[in-house]
Amino acid sequence: MATLGDLERTVMDLLWATPEAATANELRDAIAEAPSGEVGRELAVTTVLTVLSRLEKKGLVERERDSRPHRYRSVTSREDHTAELMHEVLVTAPDREAVLARFIGSVSEAEAQTLRKLLGGS
Amino acid sequence: MFWASYLLAALAIILAWPAPIALSRASWPARAPFTAMVLWQSIALAGGLSMIGAMLVWGLEPLGDNLVSASVGFLDILIDDESAETLGVVHVFAISAATLLFAHLISTLVLTFIRIRRQRRRHRDMLNLLSSPAADQPATLVINHPAPVAYCLPGGARSVTVMSDGLMDLLTRAELDAVLTHESAHLHQRHHLLLWAFAAWRSALPWLPTSRLAQRAVSELIEMLADDEALRHVDEPTLVRAIAIVGSGALPRAEDVLDDPLADDPGRDTSAGAAVTGGTAGTRSTAHRLSRLLTPLPPLSRFQQGLALSTAGLLLVVPPALLVAPELLG
């Protein structure tokens, strides 16, 4: 059974794929038509609306309130979100503990040169 | 019990200042990272305990010959409204300071835990949307990003290792294995608990040399421990190459910086260049790690390790012993 997390993911994938805003109805239809993933099945529109409001609360989706029914669009692109997430990991000072222990910490330019030499020589 | 409080105070000062400085300058921890880690933990624990204990014992001194009778006397004052005239202002001050310090340490520990948990949950939420499971590795996620990145996100049964496809492009299968075993060693050995405790220790007492030195040493030692674990699965040149490639490849080429959509935003220091070259704290640790792998030194002898571990054990025994000693001797 698809979890709420899977549904959020499916909805975000759809919204990221189109620049247009979409209504909950359109999203439900798109999910039903999607090639049978875990989520590929009939959903109630209320379920889609629940997912959308969760995503809105997380700041991932915004709602156009002047149209009826409301239309939803992604706040920024998938790439922007990824860049932001990776920024969290990369720029994190070594003393931030949430995302733990990146394989390589910060490297200075001088040190990187030494590393390149090492690679060239080996 | 005066003498016990003075001894505890002396121990607290030694553990707050000269001992951590000496340990942070020593070179042997690279030869026995696990032992060094145990020693750092006992320095922190014994240090905190003797700080609190010294003030408590000194403050309770007028109320009794030993800690138990003095504590009973203190409770009588608090609960049964016994006269507090035996206690001077300084004693009340010392007891309050001990209580406050204890509460401060515990609450910082809890608050740090909550903060880390919240950050992790948010990060995991975003990962769920943005990454996909690695084809042939359990508990591993792949995220689309050009920079070579690997890290792990602890969370009990939901712990995952994350790698970027930039990393997969750069490394051979064996080198990738080196990176992944390194990261899963962090998770298996519960390194996040150590990082949590020492991060809390530092934010509780940031002005104390020991908390800063301990945190730096611990984050360096866990990398060495994870490297050692990786070396049980891959050979040393492979691990060194993986570190070197990720380290040097992590430097942005100009086009990456331009492609980074956040780099345009002047309000945020988010260019990949700042990301990877910024900060010097990690630099020393990477150099340390590499030189340790390239010119391996023999591990500490059994005797030396035993000596260090007994010191650690002794440190943990002495403060409680000093707390109860007046009673036993009296």
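Modeller: A term to begin with: two residues are in contact if their C-beta atoms, placed from the backbone, lie within 7 Å. The model is predicted, so local features need pLDDT of at least 70 and side-chain atom pairs 80 or more, while totals for chains, interfaces and linings use all residues. Residues count from 1 along each chain as its sequence is written, with chains lettered from A and ligands numbered from 1 in the order written.

Colleague: OK, what are the domains of chain B?

Modeller: Domain 1 is 1-87 + 300-330 and domain 2 is 133-298; the bounds come from an automatic or database domain assignment.

Colleague: And how many residues of domain 1 of chain B are in contact with domain 2 of chain B?

Modeller: 17 residues of domain 1 of chain B, against 15 of domain 2 of chain B.

Colleague: Which element gives the most on the domain 1 side of chain B?

Modeller: α3(B), with 8 residues. Helices here are DSSP runs of H or I, at least four residues, and strands are runs of E, at least two, numbered from the N terminus.

Colleague: Switching topic, what is the strand order in the open sheet of chain B?

Modeller: β1-β2-β4-β3, 4 strands with mixed pairing; strands pair if DSSP finds at least two bridges between them. The edge strands are β1 (131-133) and β3 (150-153) of chain B.

Colleague: How do β2 and β4 of chain B run?

Modeller: Parallel, joined by 4 bridges. In one of the pairings, B:V142 has B:M163 in β4(B) as its bridge partner.
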